[in-house]
Amino acid sequence: TVAQIVRGTISKFCLTAAPYLTETHLPALADRLSMMDRKALLIYAERYWSHLFEAAPGEGFLPVRGYHMIKYAALRGLTVAGDFDQVIVEEAHDLTGPMSQILDRANLSVITLGDKFQRFEGFVPPRSSSTRTKTLDVSMRSGRAIESVLNPLIDAHPFANDEPPLRANADIKTLCVFYDRPELPDAPCTLLVGSNWHMLQWFQLLVSENAKFALLPGSSNKFITFVQGVI
């Protein structure tokens with residue numbers, strides 16, 4: 001359990017721009033721990049982090065992941081190397097704090113393409129004041145009917161900050177069908193869904209109806225990770 005908490009603490013630390021580990025990087029369950037336990041876990045996490053890159057002779061090496069290396073590079077002040085003039089980042093709303101730090105230090109033209117409303121991991125890390133930003137508010141894939149669905153959600157979103165309303169493609173026909181709720185099956189069956197959102201919808205419906213059900217083993221872990229991201 002201690003090892004699991006420590007690994008989770010390191011993972012959270014590696015997603016932030018923080019210069020050192022603090023109790024804010026402990027998992028949520030740390031709220032139920034005493035002050036002494038939290039301080040002890042933080043000491044273990046600091047020891048784990050130091051051993052990732054500076055293992056003592058004869059101790060062997062701990063597994064180093066990609067996000068460990070990116071955080072290490074950010075803390076060391078490293079930046080983009082090589083003969084590059086521009087960096088283009090697709091899905092830039094998923095950039096971590098350390099990666100943003102690395103890009104901000106690069107003496108390059110950085111172009112980012114992203115949508116902050118698609119980010120699961122909290123707020124998008126702030127970028128350097130030298131970064132030029134533009135808002136693309138046109139959807140080329142959807143017809144005008146989607147505007148009445150998405151724009152109220154955008155207006156209510158905590159990230160919204162005077163964004164213009166979404167404009168859809170007038171040349172595409174999109175049909176939106178609304179329904180109150182799906183019907184519960186009246187016999188034992190297997191439910192196949194199209195996405196994690198559908199799984200969440202059925203999960204809520206089955207729980208509210210006190211229906212007996214089980215998630216397939218392959219879906220269980222992905223669903224838990226998805227719900228944690230949504231929350």
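Helices (H or I, at least four residues) and strands (E, at least two) are DSSP runs, numbered from the N terminus. With those labels in hand, let's start the tour.

This is a predicted model, in which local features need pLDDT of at least 70 and side-chain atom pairs count only at pLDDT 80 or more, while totals for chains, interfaces and linings use all residues. Residues are numbered from 1 along each chain as its sequence is written, and side-chain values use heavy atoms, with hydrogens and water left out.

**Stop 1: colour by confidence.** pLDDT is the predictor's confidence in each residue, from 0 to 100. The protein chain has a mean of 86, and 95% of its residues reach 70 or more. Now select helix 3 (residues 66-75): its mean pLDDT of 94 is the highest among the elements, whereas helix 7 has the lowest, 83.

**Stop 2: two loops.** Select N210, in the loop between helix 6 (196-208) and helix 7 (217-230). Its phi is near 55 degrees, a positive value in a residue other than glycine. Is N210 buried or exposed? N210 counts as exposed because its relative accessible area is 69%; buried means under 20%, exposed over 50% and partly exposed in between (1.4 Å probe, protein chains only).

Next, jump to E91, in the loop between strand 1 (86-89) and helix 4 (97-105). E91 also has a positive phi, about 55 degrees, although it is not a glycine. At 40% relative accessibility, E91 is partly exposed.

**Stop 3: a buried serine.** Select S139, in the loop between strand 2 (109-112) and helix 5 (147-156). With a relative accessibility of 16%, S139 counts as buried.

Stop 4: A pocket is an open set of points on a 1 Å grid over the protein atoms alone, where a 1.4 Å probe fits, with protein on both sides within 12 Å along at least five of seven lines; lining residues have an atom within 4 Å of a point. Which residues lie nearest the centre of the second largest pocket? Select C189, L191, L206, F213 and A214 to see them, out of 22 lining residues. Helix 6 gives the most to this lining, with 4 residues.

**Last stop: back to helix 6.** Select V207, which lies in helix 6. V207 is partly exposed, at 43% relative accessibility.
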